[in-house]
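Welcome! Let us walk through this structure together, one step after another.

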Amino acid sequence: MEIIVASSVGVLTAGGVYLILRLRTFPVILGLALLSYAVNVFLFASGRLAINLSPILSKYGDATYTDPLPQALVLTAIVISFGMTAVLVMIALGAFLEAEDDRIDLDLVGEDDINGEDAGK
Amino acid sequence: MSQAGFFLILIAVLPFMGALLPGLMVRAGRTTSAVATATPTALALVMLIILSPRVLSGEVIQAELEWLPQLGLSASFFLDGLGLLFAGMILGVGLLITLYARFYLSSDDPMGQFYTYLLLFQGAMLGIVLSDNILLLLIFWELTSLSSFLLIGYWKHLPEGRQGARMALTVTGAGGLAMIGGMLILGNIVGSYNLTDILQAGDQIKASEWYLPALILILLGAFTKSAQFPFHFWLPHAMAAPTPVSAYLHSATMVKAGVFLMARMWPALAGTDAWFYIVASTGLVTMVLGAAIALFKDDLKALLAFSTVSHLGFLTMLLGFGTEAAAVAAVFHIINHLTFKAALFMTAGIVDHETHTRDIKRLGGLRHLMPVTFVIGTVAALSMAGIPLFNGFLSKEMMLEEASHTYWLGNPYIIPALATFGALLSVAYSLRFISHVFLGPVRDDYPHKPHDPQFGMWAAPGLLVVLVVIIGVAPFLAEGIVTAAADAVTGAHLHPHLKIWHGVTPALWMSIAAIVGGALLLSLHAPLDRIWNALRRPEAKDIFDALIARLVSATRWTTEITHNGAISRYLAIFTVASVWLGWVAYSGSGLSAPTRELLPVPAVIAVGWLLLIVATVSVVVMHHNRFRALVLIGIIGLSISAGFVYLSAPDLALTQISVETVTIMLLLLALHFMPQITPKESSLGLKIRDGFIALVAGGGVGAVAYAFLMRDVDTISGFHLANSYEGGGGTNVVNVILVDFRGYDTYGEIIVLGIAGLVIYALMNALLDGPAARRLKQVVYDYDRSRDRHPMMMVVVTRVLMPIAILVGVYIFLRGHNQPGGGFVAGLVIAIALLMQYMASGFAWTQERKRIEYHTMIGLGVVIAGLTGVGSWLAGAPFLTSSYTYIHLPPIEEFELATAMLFDLGVFLTVLGAVMLMLYSLSRIARFAGETVNVAPMDYDPGEQADDEEDK
């Protein structure tokens with residue numbers, strides 16, 4: 001099981017890193033989404049894995065539980081990463097609508113635009 | 001704390017407390033503003049005078065407020081003789097400058113600002129001289145650099161002012177940085193950051209192998225601040241400041257901070273060869289060089305500036321000698337220099353103010369037109385020249401006396417000769433100040449007809465020259481304060497006798513030579529001036545500018561390489577650096593042996609894993625088709641949710657599943673307005689490079705995860721598990737952690753989420769005001785669209801689902817404290833229920849039926865959560881302490897009521913509001929893009945059809 005979780009985190013990270021290095025905004029957003037998954041699972045796993053040991057206190061006395069603290073932290077992290085993704089999406093969308101281009105290489109875009117507009121005028 | 005200690009802290013704090021007053025009072029008039037400035041200064045001065053008898057009798061007053069004891073940083077102050085001398089100078093001259101500036105500044109100048117800066121500076125200076133903690137001293141040291149920057153650049157419209165301010169800040173700031181390093185080393189050697197401890201540990205410091213680096217770094221700070229060669233060049237450029245600033249900062253206080261520091265550190269650092277050769281030689285060179293340049297300056301203030309550089313060199317050299325008699329001379333000269341130099345600066349300011357020029361070549365003959373100014377300027381300048389019966393003579397004699405028996409590399413003549421030469425130059429430029437400005441024939445080409453200014457303007461310099469004469473004639477009056485300060489510098493008990501006549505000593509002969517030679521030199525000034533101007537001299541400002549330009553181009557080069565505007569480059573650098581750091585950490589100590597067994601893998605989990613891996617790889621391979629990539633992302637999210645279920649994290653699974661739904665909806669909405677395809681434009685090389693980075697990063701993170709998964713860890717969760725029910729009243733430990741143990745974090749997080757929602761709303765509004773709106777209106781949908789946008793079946797189903805979904809949401813919310821669920825999940829579930837209505841019946845139709853604004857919901861949520869936290873104050877408990885009780889109402893089961901539930905309600909409302917606001921914002925764009933607005937709930941309404949038929 002540990003190998004499964006660790007490899008999933010690794011693959012998600014690798015995919016996320018590859019995508020955030022792309023040259024358009026949309027793949028970067030996808031990459032960040034993958035990285036969020038990876039980070040959330042990574043943090044969750046820092047409480048070590050456990051099966052059938054939910055952190056819900058049992059009425060029947062002595063029971064063992066999994067570590068609840070990483071779960072609480074990850075829960076808010078999931079919601080916050082949604083907020084972050086939403087803001088990013090909005091910025092990317094705004095940038096695309098303003099510039100009619102979703103490239104993230106600002107220098108190239110800027111030069112092209114300025115030159116193009118100057119030439120036009 | 002004793003009353004004296006209380007006074008001491010008040011003295012240090014008063015200028016800061018009063019700093020805003022003048023700015024606020026300036027509307028009531030310029031005089032009121034000046035009075036508001038003078039009040040805190042005067043109060044502090046009175047307190048200082050009350051304390052002074054005890055200090056003069058040898059007592060050291062201390063006061064301490066703990067600040068960051070873990071760092072060895074406390075707000076501790078002490079007042080000894082040296083502190084008393086400087087604090088008195090800072091406050092006394094501060095009062096005089098306040099008065100002078102009231103009349104000097106014109107009505108166009110923002111006077112409130114000026115006085116506010118002045119008080120800030122004064123507070124910072126007082127902090128330096130009163131600090132008993134070197135870290136605190138460093139803070140005040142930097143504050144003087146910053147506040148002097150504001151003061152030098154006060155006339156923002158003058159380019160020289162701005163450049164001078166920048167140069168002063170760069171030089172003194174760089175020195176300050178060096179000094180921080182030196183002070184930290186010093187603190188490490190002694191094991192304490194308390195100045196009183198450090199001063200007692202002089203032998204330990206000098207024996208340490210770190211002595212020399214610490215000494216050099218600290219001296220760099222002192223030399224830059226006190227404008228010692230080769231850092232002297234900033235001071236003349238800082239003269240672009242208004243004259244009151246020059247008189248205050250550049251003669252009396254700030255430039256003396258370096259001298260003060262050397263005097264303060266004297267017991268800890270002085271007395272070694274390194275100290276003597278660095279400090280005394282620097283001082284000597286500065287003294288002679290500054291005096292020589294001063295002689296050939298035509299700008300009155302530049303002349304005085306270089307003369308100040310020269311006199312600061314004089315003081316530095318004396319401190320560098322490292323003898324007790326030299327320390328006495330230095331302390332005495334600090335007082336004398338203050339009196340005559342501040343008076344001279346103010347005189348120069350008066351001349352400038354009245355004649356509208358500071359160019360010596362255009363002045364002369366002013367003694368008839370400005371008799372009062374003439375008397376003041378002459379007395380002060382004669383004192384600067386070191387003429388008997390004025391105070392400058394006394395300390396100069398003591399300096400020459402010390403110089404006359406100091407050897408430099410075994411040579412007995414170098415120091416006396418150069419010191420005499422410096423004194424000679426000093427005589428020459430002082431006499432030039434008198435003769436070329438005031439003496440000579442009256443001219444008729446002054447830019448402005450001069451006359452003596454009003455009393456308020458010459459009162460301050462007048463008072464100072466009275467002091468010049470009093471000390472000059474009766475030096476024993478100053479013996480008390482000089483003794484106290486010199487005792488504090490040397491740490492010994494000295495009994496200096498300040499007197500005019502010492503008998504026929506070598507110093508007397510040197511003095512006579514200097515005066516005669518100086519007068520002769522002045523008579524030759526005109527030819528010398530021509531030679532001087534013909535010489536090619538290195539211009540410090542050009543060197544400085546070239547250096548700065550070099551630095552700027554170097555940083556620009558670095559910036560262009562690393563920050564080229566493409567985020568992919570930053571992210572690549574960041575990723576590689578993180579992986580490298582991880583590698584460094586790993587190669588440092590390696591790993592311990594694994595302590596955990598591998599858990600078994602059931603077949604279904606293996607399938608889920610395969611799904612996740614395949615989906616992830618597919619996203620990477622097929623990300624060019626954006627829609628398909630989104631679907632694959634959804635698969636990944638669901639696999640992870642399933643994984644959470646299996647690995648005992650039901651709350652996470654619930655949250656992940658609902659967040660997943662909302663995220664995909666959001667991305668779909670956004671994708672609607674963006675290109676559907678990512679063009680294939682990365683070169684193969686780029687792909688290989690990025691692929692390599694990605695594989696290394698992924699491998700690294702996977703390895704780290706595997707490494708810690710195989711090892712046990714000490715966790716603090718035992719506490720949470722044990723206290724969740726007893727203290728928090730809930731059995732779902734995750735939820736209790738969220739709303740109780742770490743409720744503060746959650747509170748912050750919902751605020752962040754709310755802000756994210758509002759940011760998106762604001763962005764959308766800004767977007768719809770700009771060119772993007774025009775572009776949106778022209779969107780042409782070239783792909784085949786659904787003919788049935790609001791299908792009847794979907795409308796009906798979502799209507800039926802709505803109450804059920806809301807019920808589920810409420811249920812999840814209510815059970816959250818004890819079973820998986822809670823405010824976060826409930827908020828998301830209900831958001832999805834509402835979103836379904838938007839999807840089924842369209843934006844406009846649903847929006848019309850909305851009763852409560854989403855902004856309000858966010859605000860309400862944060863307020864409820866906050867009030868719940870505050871409520872525990874009423875019960876006398878800390879913020880967000882929860883309490884709970886059990887209620888039994890006959891028909892239903894006994895249930896629990898906890899304040900945590902109220903907090904969770906706040907979380908719920910914020911999450912719901914934020915999510916809805918985000919999606920709402922995106923759908924408003926859709927409306928802008930020419931989507932038709934539907935007023936009916938569905939495209940084809942069978943009910944209406946039936947009505948129509950009945951009508952027929």
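At what angle do the axes of helix 15 and helix 16 of chain B cross? The axes of helix 15 (residues 273-295) and helix 16 (residues 300-321) of chain B cross at roughly 160 degrees and come within 7 Å. Helices here are DSSP runs of H or I with at least four residues, numbered from the N terminus; axes are lines fitted to C-alpha atoms over the stretch in contact, with angles from 0 to 180 degrees between N-to-C directions. Because angles over 145 degrees count as roughly antiparallel, helix 15 of chain B is roughly antiparallel to helix 16 of chain B. The contact of helix 15 with helix 16 of chain B draws on 17 nonpolar, 9 polar and no charged residues. Here Ala, Val, Leu, Ile, Met, Phe, Trp, Tyr, Cys and Pro count as nonpolar, Asp, Glu, Lys and Arg as charged, and the others, Gly among them, as polar.

A word on the model: it is predicted, with local features needing pLDDT of at least 70 and side-chain atom pairs 80 or more, while totals for chains, interfaces and linings use all residues. Residues are numbered from 1 along each chain as its sequence is written, with chains lettered from A and ligands numbered from 1 in the order in which they are written.

Now step back to chain B, which has 41 helices and 4 strands (strands are E runs of at least two residues).

Finally, look at where the chains meet: 77 residues of chain A and 96 residues of chain B take part in the contact, which is counted when C-beta atoms, placed from the backbone, lie within 7 Å. On the side of chain A that touches chain B, helix 3 of chain A gives the largest share, 23 residues. That side of chain A comprises 53 nonpolar, 14 polar and 10 charged residues.

Note on methods: Contact = placed C-beta atoms within 7 Å. Parallel < 35°, antiparallel > 145°, perpendicular 65-115°, else oblique.
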